[in-house]
Amino acid sequence: MSLDARTETPDWTSPGVFEVAPGVHRIPLPLPDDGLRAVNVYAVLDGDGVVLVDSGWALPESLALLERGLAELGADLRDVHQVLVTHVHRDHYTQALTLRERVGTPVVLGVGERPSLEVIMGDGPSIFERQRSVLLRQGADELAAMVRTPTSGPSEWGLPDTWLDEHATVPLDGRTLASIPTPGHTRGHVVFVDEAAGLLFAGDHVLPSITPSIGVEPYPERLVLREYLGSLRLVRSLPDRVLLPAHGAPGGSVHTRIDELLAHHDTRLDDTLAAVTQGCTVHEVASALRWTRRGRTFASLDVFNQVLAVGETSAHLDLLVHTGRLTGRDVDGVTRFG
């Protein structure tokens with residue numbers, strides 16, 4: 001359950017092309033102003049071309065590195081037969097649209113992402129207005145005031161060429177990738193399994209060193225943590241495979257990492273419950289908890305990560321209420337717990 005260490009560098013974000021399995025190469029692409037620093041795009045050889053799993057963020061420097069990586073494989077953008085996208089977040093989806101605009105590459109996305117993409121592209125309230133409204137209900141007034149609508153708009157986005165139905169299969173030359181719906185990080189997230197090669201293209205569902213964010217998207221499930229934990233258990237029930245994550249070094253056992261994530265959320269539910277005081281808000285609970293593996297205070301996080309922290313806290317509180325360990329009520333438009 002591990003990759004040949006000779007194919008990888010100590011820093012998983014270093015540019016290059018890295019073979020992770022016969023016919024499968026990892027191409028890390030940069031992310032702007034993001035603590036994750038890079039996203040792994042996987043180039044899967046497919047006859048006289050390649051299929052990409054995820055695409056990267058639509059940035060000139062990202063596209064240049066992708067072209068360079070494909071060239072090392074003896075291919076160019078015109079040789080990309082299709083892009084299979086694990087979820088609709090910008091760092092996974094938007095460069096696929098650039099490839100389609102440039103050379104006509106078909107884009108494939110799980111059908112569960114349709115509601116979120118329709119919100120992003122629609123004429124109604126923007127996702128940022130929706131986010132501000134949610135933050136106000138969570139008692140995070142100051143954070144809501146800091147959320148700014150960017151200058152870019154829905155024109156950056158587009159619908160995929162193919163909506164991937166649940167549990168679909170994607171036949172390639174010499175292999176088949178099976179999609180498995182894994183809602184949680186987003187409601188329409190999917191992973192791709194290469195059963196014969198023993199590989200899981202995990203997207204952001206299972207990450208090797210961090211816990212994926214949940215609860216921050218345009219159209220979230222009501223009990224997003226329940227959905228995420230259920231998805232983890234579903235993948236855990238399948239045969240173990242080598243982890244190919246979107247962020248972080250590839251390799252290792254999917255089962256082992258899922259066990260760690262499930263244990264983390266069990267502990268986090270207990271910690272969240274212990275942080276509740278009578279009549280407190282989501283924001284107040286989030287402010288009382290510690291964050292990241294380094295145990296940082298909420299106040300030390302930047303605005304983006306504070307928003308993620310409040311969203312994750314809300315997901316844990318909602319599940320605690322759903323399971324009867326806590327009560328929640330609306331008071332003048334703000335949810336309070338006790």
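Predicted model: local features only at pLDDT ≥ 70, side-chain atom pairs only at ≥ 80, totals over all residues.
Student: Do E11 and E12 run parallel or antiparallel?

Tutor: They run parallel, and four bridges join them. Within this pair, Phe201 stands opposite Leu244 in E12.

Student: Which way do the residues of E12 point, and are they buried or exposed?

Tutor: To read this, follow the strand and note the direction of each residue. Val242 and Leu244 point one way from E12, while Leu243 and Pro245 point the other way. All of these are buried.

Student: What is the order of the strands in the sheet that has seven of them?

Tutor: The order is E1-E2-E3-E4-E5-E6-E7; this sheet is also open, and its pairing is mixed. Strand E1 (18-21) and E7 stand at the edges with a single partner strand each, so one side of each has no neighbour in the sheet. From one strand to the next, the twist averages 30°.

Student: How many bridges join strand E2 to E3?

Tutor: Seven bridges join strand E2 (residues 24-30) to E3, and the two run antiparallel.

Student: Which strands does H2 lie across?

Tutor: For a helix on a sheet, list the strands it crosses and then take an angle. H2 lies across E2, E3, strand E4 (49-53), strand E5 (80-85) and strand E6 (107-110). Relative to E5, H2 runs at about 155°.

Student: What do E15 and E16 form?

Tutor: They form a hairpin with two residues between them. Strand E15 (residues 328-331) and strand E16 (residues 334-337) run antiparallel and are joined by four bridges. Arg329 has Arg336 as its bridge partner in E16. In the turn, Asp332 has a positive phi of about 55°.

Student: How many aromatic pairs does a search of the whole structure find?

Tutor: Two. For each pair, look at the distance between ring centres and the angle between planes. Tyr42 and Phe201 are edge-to-face, at 5.6 Å centre to centre and 75° between the planes. Tyr42 lies in strand E3 (residues 38-46) and Phe201 in strand E11, so this pair ties together parts 159 residues apart in sequence. Both Tyr42 and Phe201 are buried.

Student: Why is the pair of Tyr93 and Trp157 called stacked?

Tutor: Their planes are at 20°, with the ring centres 6.1 Å apart, so the pair is stacked; planes under 30 degrees apart count as stacked. Tyr93 lies in helix H2 (residues 90-103) and Trp157 in the loop between H5 and strand E7 (162-164), so the pair ties together parts that are 64 residues apart in sequence. Both Tyr93 and Trp157 are buried.

Student: What sits over the ring of Trp291?

Tutor: The charged end of Arg268, 4.3 Å from the centre of the ring.

Student: Which residues touch the most other members of the largest nonpolar core?

Tutor: In soluble globular proteins, nonpolar side chains tend to be buried together. The largest nonpolar core here has 43 residues, and Leu135, Leu232, Phe298 and Leu317 touch the most other members. Among the elements that give two or more residues to this core are helix H6 (224-236), helix H7 (254-275) and helix H9 (303-322). H9 gives the most, with seven residues. Leaving aside neighbours within four places in sequence, Leu135 is in contact with Ala140, Leu143, Ala144, Val147, Val307 and Val310. A second, separate core of 30 residues includes Leu63, Val80, Val88 and Ala96.

Student: Where is Asp79 found?

Tutor: Asp79 is in the loop between helix H1 (60-72) and E5. With a relative accessible area of 22%, Asp79 is partly exposed. The C-alpha atoms of Asp79 and Val50 are separated by 6.2 Å, though the two are 29 residues apart along the chain.

Definitions and conventions: Residues numbered from 1 in each chain as written. Heavy atoms only, no water. Core = buried A, V, L, I, M, F, W, Y, C linked by side-chain atoms within 4.5 Å. Buried < 20%, exposed > 50% of the residue type's maximum accessible area, 1.4 Å probe, protein only. Contact = heavy atoms within 4.5 Å. Pairing = 2+ DSSP bridges. Phe/Tyr/Trp six-rings, centres within 6.5 Å; stacked < 30°, edge-to-face > 60°. Lys NZ or Arg CZ within 6 Å of the ring centre and 35° of its normal. Axes fitted to C-alpha atoms, helices over the stretch in contact; angles between N-to-C directions.
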